[in-house]
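This briefing goes with a sequence and a 3D structure. Look at both before reading the points, and keep them at hand.

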Amino acid sequence: MSSSGSWSPGAAQAAAPQTQQGAGSSAQGTVLAPPPTGEALAARPRQAEQSGTRRALLGSSDIPSALVRWQIVLTAAVIVWSLLTAALLGNSFDKTRAGAANTDQLTRIHAMESSLFQADAIATNAFLVGGLEPAEQRMNYDAALDQVSRLIVISAEAQPADRAALAELNRQVLTYAEQMQQARANNRQGLPVGAQYLREASDDLRSDTLGVLTALVSANEQRATAAFSGHYWFLALLPGIALVLLLGWFNQRLAAIFRRRINVGIAIAAAIVAALTAAAGVVLASLASSADELRSGDYETASAISAARTAANDAKANESLRLIARGSGAEFEEQWEAAAATVSENIDGRSDLISRWREYADGHEQIVAADEAGDWDEAVRLATARDAGTATAHFIDFDSEAEAQIGMASKSLSTTLRLGSWQTAGVALATLLAMVAAVAAVSRGITVRRREFG
Amino acid sequence: MSPRRIPPLFGGLALALTLSGCGYAPTEVPEPVPTPTPTVAAPAAPPTCDDATTSYAPPATMPSPGAMPEGSTMREIQDRGRLIVGVSADSYLLGSRNPQSGQIEGFDIDIAHAVAEAIFGDPEQIQLRVITAGDRIPLLESGEIDIVVRNMTMTCGRWEQIGFSEEYYRSGQKILVRQGSDITGLDGLAGHRVCAADGTSSMDNLIRLAPEAEPVGARNHTGCLVLFQRGDVDAITGDDTVLAGLAAQDPYAVVLEEAAFSAEPYGVGVPKDDTDLAAFINGVLEQMRDDGRWQQSYDRWLAPYLGEGSGQPTPVYGRS
């Protein structure tokens, strides 16, 4: 870098005296110039051009002072460029990290929703059995509610903005559990008021609690989807392009004055800036592209199957409530149909889930047929049997598969977002390191020119 | 371009870009869905008559089970293979689901089984359809159910819409309160929240006889008990049979020992035009009187809570 090309001190000295001569003529004012020759006339435009370049680059200063000022300006420009690019990358890093965290939060909210409706489906089905509640179903009910409580705590720690809503959800879950406990206690004593507590708990779950869950899902969907936009790769190019143009312009003016085409220090700085700008643009463009893929891929999968799983458990609970209502369950059958429509809509195109849901839906049709034919006992037997091939077994199969697919999609989504965030962090760090190299290159390139006057 | 003009171009944009990542707005907490306000409009003056308990004379000879007369309503039921009966599943002692067996049982249910046995020879050829009090008349009118045995009071107004069997039980409206309550009677209800099932004559009587009370409706009587146990209401009013069933489920609830402030004659509801079915049911009720099944059922379900009672009401016939 120190060679600065084929530098000849004579060129600068030839240029410098012109300035000094011009200044002296002006000061003295009495020296008459000889009449211009033809050669001199031809050289005038070039001199005028050089004079314009000098004024643009140097203003009214002498060359060493002007070079010092330009070194400061270019150093500042390089620092601003690196900070600007790093800020853009940092912005995407923040968004992506927040997106991953919000996606995790959304997954937890969906899991809470599904677990609550799963608990309700288990409780209503166990109630239908009559007599002592099967130990396995009781255990599964407790596990589902424990899962909800655990997720509420984790979610409240993860997202402070959700805390008020989660506190309300926690209150309602406790009320639900208390009502179910009342239902169970009365049921064990053979008192019909137990059935009323069960109905009221299920009703409250579908009105008040579902409202809070819907608000949580909506808020976290908005936060999570913000990670899929705002990766402005073209913005990352603008400061870099501006700086490269500035360095190029400076190099051109310097070449015109010092009669050397390329200042190696300036050229290296421009190359560093161009390379890092391109890297930032590529990373952000890649992030934007993968965000679009995630939105229509894993995110869509996790959201749709979560909605389907919640609706499926709602349907199963309504199946039991229909039979508990015993012949007067038309409203529950309507709710079953609405929930089933939600399931079908959200598993459209997912053949493995469709086949499992159809098997359960066929079993449900048999239950309804038995109930409508007046054979309530047979309908209950069909609804509560858990052997292979029964409606409940098919339902559990669907629920388990849906849970597994949600888990896979959510994990993939979170992993991809976190990977993207680390890529942006890496380029941001590289940009800051490149700043040091570019500043050094600019300094070296200008220092070499200044030394020619030393 | 002057060197002094370059830095501000970058500085402003850098500042704008670094000012990001502020916190999220708190998630909105929705208001709980308000509980629908029960319909508590003052009832219209009930139609009056002097033959609300008058029904149709039973057939001179009851047809044998499984051999219902051609063209009769009972024959249609026999051909269908099951009797569809609207019942309650939450009126303890009258009609409620036994959580242990899953079966619906009670005094009303025994009568329903007796009718099924008279038609088919098998008391189990029956479909018990759980209905609310408000469903009783609409479902009879639509023909979705054959009969209603659900502590249904025979009133002149209802006779205009449906038919009834003879009176099979004489009930009366009373008040259930907490132990130690300052409510001692109908007059004491003023200013208190009192629950009754929507669509029942009990609610009509409450509004008419205790206008200073605050009526609270529930879908059924057991819904009232839940409100009572939560402290949302101070008292429940309804038929003594229903209140006995509620009190049996809550050791802190007592039925006031005042005289009933209304007479509630229970009849089996039938579609208005099915007079042959009403007469047939009257024949079944008389068979129950004769062979002691009515008394056995009363002794099993109601006597432990209501005492010996006055027995099966004397039938009044003469309606045509």
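Angles between axes under 35 degrees count as roughly parallel, over 145 as roughly antiparallel, 65 to 115 as roughly perpendicular and the rest as oblique. The axes are lines fitted to C-alpha atoms, for helices over the stretch in contact, and the angles run from 0 to 180 degrees between N-to-C directions. This is a predicted model, in which local features need pLDDT of at least 70 and side-chain atom pairs count only at pLDDT 80 or more, while totals for chains, interfaces and linings use all residues. Residues are numbered from 1 along each chain as its sequence is written, chains are lettered from A and ligands numbered from 1 in the order in which they are written, and side-chain values use heavy atoms, with hydrogens and water left out.

**Chain A overall**

- Chain A has 12 helices and zero strands, where helices (H or I, at least four residues) and strands (E, at least two) are DSSP runs, numbered from the N terminus.
- Of the 454 residues in chain A, 51% are buried; buried means under 20% relative accessible area, exposed over 50% and partly exposed in between (1.4 Å probe, protein chains only).
- Among contacts in chain A between residues at least 6 apart in sequence, 84% join residues at least 24 apart; a contact means heavy atoms within 4.5 Å.
- Chain A has an accessible surface of about 19,500 Å², and carbon and sulfur atoms account for 57% of that surface. Accessible areas come from the Shrake-Rupley method with a 1.4 Å probe; for residues, only the protein chains shown count as cover.

**Helix pairs in chain A**

- Helix 3 and helix 12 of chain A pack at an angle of about 175°, with their axes 9 Å apart. Helix 3 and helix 12 of chain A are therefore roughly antiparallel to each other.
- The residues of the contact of helix 3 with helix 12 of chain A divide into 27 nonpolar, 18 polar and six charged. Ala, Val, Leu, Ile, Met, Phe, Trp, Tyr, Cys and Pro count as nonpolar, Asp, Glu, Lys and Arg as charged, and the others, Gly among them, as polar.
- Helix 3 (residues 63-129) of chain A also meets helix 6 (residues 193-225) of chain A: their axes come within 10 Å and cross at roughly 165°. That angle makes helix 3 of chain A roughly antiparallel to helix 6 of chain A.
- The contact of helix 3 with helix 6 of chain A involves 15 nonpolar, 10 polar and five charged residues.
- The axes of helix 10 (residues 351-372) and helix 11 (residues 376-384) of chain A come within 7 Å and cross at roughly 165°. Helix 10 of chain A is thus roughly antiparallel to helix 11 of chain A.
- On the helix 10 side of this contact in chain A are A:Q366, A:I367, A:A370 and A:D371, and on the helix 11 side are A:W376, A:E378, A:A379, A:L382 and A:A383. These residues divide into six nonpolar, one polar and two charged.

**One residue of helix 12 in chain A**

- A:S443 lies in helix 12 (residues 391-451) of chain A. A:S443 counts as partly exposed, at 22% relative accessibility.
- The C-alpha atoms of A:S443 and A:A383 are separated by 82 Å, and the two residues are 60 apart along the chain.

**Chain B overall**

- Chain B has 11 helices and 14 strands.
- Buried residues make up 53% of the 320 residues in chain B.
- Among contacts in chain B between residues at least 6 apart in sequence, 72% join residues at least 24 apart.
- The accessible surface of chain B is about 14,100 Å², with 51% belonging to carbon and sulfur atoms.

**A covered helix in chain B**

- Helix 8 (residues 240-247) of chain B is mostly covered, with eight of its eight residues buried.
- The cover over the buried residues of helix 8 of chain B includes strand 8 (162-178), helix 7 (221-230) and strand 13 (263-271) of chain B.

**Loop residues in chain B**

- B:T200 sits in the loop between strand 9 (193-197) and helix 6 (201-209) of chain B. B:T200 is buried, at 6% relative accessibility.
- Not counting residues up to four places away in sequence, B:T200 touches B:A133, B:R136 and B:R158.
- Most residues other than glycine have a negative phi.
- B:L93 has a phi near 85°, a positive value in a residue other than glycine. B:L93 is in the loop between strand 3 (90-91) and strand 4 (95-97) of chain B, and is buried, with a relative accessible area of 4%.
- B:N151 is not a glycine but has a positive phi of about 30°. B:N151 lies in the loop between strand 7 (147-148) and helix 5 (156-159) of chain B, and counts as buried at 4% relative accessibility.
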